[in-house]
Amino acid sequence: MPANLPSVTSAAAVPVVVLASAALHAVWNGLTHGLRDKLAGFTLISLASAGCGAVLVCLAPLPAPAAWPYIAASAALQVAYQLLLLRAYQLGDFGQMYPTARGTSPVVVALVSTTFLGHSLPAGQALGIAVVSCGLAGLALADGIPGRAQLPALAAAVGTGVMIASYTLVDGTGVRASGSVFGYIAWLFLCQGLVLPLIALARRGPALFTALRPLCGRGLAGGVLSLLAYGMVVWAQSRGDLSTIAALRETSIVFGALIGSVVFRERLGHRRITASVTVLAGIAVLQLTGGP
């Protein structure tokens with residue numbers, strides 16, 4: 001058996017794992033989309049993160065000292081991401097906020113990783129990322145250009161995308177320095193999962209516990225799916241290119257559009273279909289030109 005077979009097999013698994021993660025991400029967002037009390041829902045997701053992280057830290061090796069600054073930075077960025085996403089969902093429609101938030105990330109990751117981090121980006125991969133990003137923009141604007149009243153929601157969604165790009169870049173570097181992918185994931189889940197519940201408790205006080213009770217099933221299920229989806233991405237980041245992984249993971253928008261159409265009976269429309277096909281075409285370009 002060739003000595004490099006494990007690495008080849010691992011590399012071949014990266015796009016499959018990232019696409020599966022994208023599907024899970026769309027599912028957990030769909031689960032929380034219908035919750036009236038979104039702060040309570042996000043609190044439960046964070047509690048699930050902290051609980052799973054507490055279990056995993058007992059089982060996984062401790063990350064290397066060089067990884068701890070990245071874990072701290074990523075945890076802070078993910079809390080900011082949760083707060084901005086929560087605000088975007090409170091102000092805007094799911095069908096526009098979700099693709100806007102997700103679609104911002106791959107462009108930012110590609111620009112930062114090539115401009116500031118010195119990562120190479122072959123022309124074929126750049127083309128694939130550009131096509132994916134165009135498709136994502138089409139999904140975000142399928143319902144028309146936002147008016148002035150929608151600008152605060154749009155700003156929150158774009159800010160969410162910037163946070164996604166930021167913690168993607170941080171984790172892509174940190175997990176490689178950790179010496180333990182699962183140790184990095186475990187401590188990241190534990191650290192970031194404790195913050196939002198404390199913020200919610202400070203805002204709501206004891207009334208928060210009453211609000212959490214009827215949402216426990218859906219909120220905790222969404223939390224577990226969120227953890228699984230992000231853990232899969234962090235694993236992929238330890239083995240693949242950050243720019244192409246960032247683009248592939250944003251296919252969650254396509255899965256989200258399908259969930260909205262099938263589950264929530266939202267109108268898909270020819271614009272969304274065209275944009276979804278464009279995203280899939282971009283993924284094909286990434287794979288044919290040497291993506292992860």
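Analyst: The axes of helix α6, residues 151-178, and of α10 come within 8 Å and cross at roughly 60°. Helices here are DSSP runs (H or I, at least four residues; strands are E, at least two), numbered from the N terminus, and axes are lines fitted to C-alpha atoms, for helices over the stretch in contact, with angles from 0 to 180 degrees between N-to-C directions. The model is predicted, so local features need pLDDT of at least 70 and side-chain atom pairs count only at pLDDT 80 or more, while totals for chains, interfaces and linings use all residues. Residues are numbered from 1 along each chain as its sequence is written, and side-chain values use heavy atoms, without hydrogens and water.

α6 and α10 are therefore oblique to each other (under 35 degrees is roughly parallel, over 145 roughly antiparallel, 65 to 115 roughly perpendicular, the rest oblique). The crossing of α6 past α10 is right-handed (the near helix is turned clockwise from the far one by less than a right angle; anticlockwise is left-handed). On the side of α6, the contact involves Y167, T168, D171, G172, V175 and R176; on the side of α10, Y230, V234 and Q237 take part. Contact requires heavy atoms within 4.5 Å. These contact residues of α6 and α10 comprise 4 nonpolar, 3 polar and 2 charged (Ala, Val, Leu, Ile, Met, Phe, Trp, Tyr, Cys and Pro are nonpolar, Asp, Glu, Lys and Arg charged, the others, with Gly, polar).

The largest pocket has a volume of about 210 Å³, and its lining consists of C52, L56, F182, I185, F189, V224, L227, L228, G231, M232 and W235. Two or more lining residues come from each of α2 (38-57), α7 (181-193) and α10 (216-237). α10 gives the most to this lining, namely 6 residues. The lining of the pocket holds 10 nonpolar residues, 1 polar residue and no charged residues.

The whole structure contains 1 cavity of 30 Å³ or more. On a 1 Å grid over the protein atoms alone, a cavity is where a 1.4 Å probe fits but cannot get out, a pocket is an open set with protein on both sides within 12 Å along at least five of seven lines, and lining residues have an atom within 4 Å of a point. The largest cavity holds about 240 Å³ of space. Of its 20 lining residues, W28, Q78, Y81, S226 and Y230 lie nearest its centre. Y230 is also one of the α10 residues that contact α6. The largest share of the cavity lining, 5 residues, belongs to α10, and α1 (5-33), α2, α3 (68-91) and α7 also supply at least two residues each. By class, the cavity lining has 11 nonpolar, 7 polar and 2 charged residues.

The helices α2 and α7, which join α10 in lining the pocket, also pack against each other, with axes 7 Å apart at an angle of about 140°. α2 and α7 are therefore oblique to each other, and α2 passes α7 in a left-handed crossing. Their contact includes L56 of α2 and F189 of α7, and both L56 and F189 line the pocket. This contact of α2 with α7 has 9 nonpolar, 5 polar and no charged residues.

Terms used:
Grid points are joined across faces, edges and corners, and a volume is the space filled by probe spheres set on the points.
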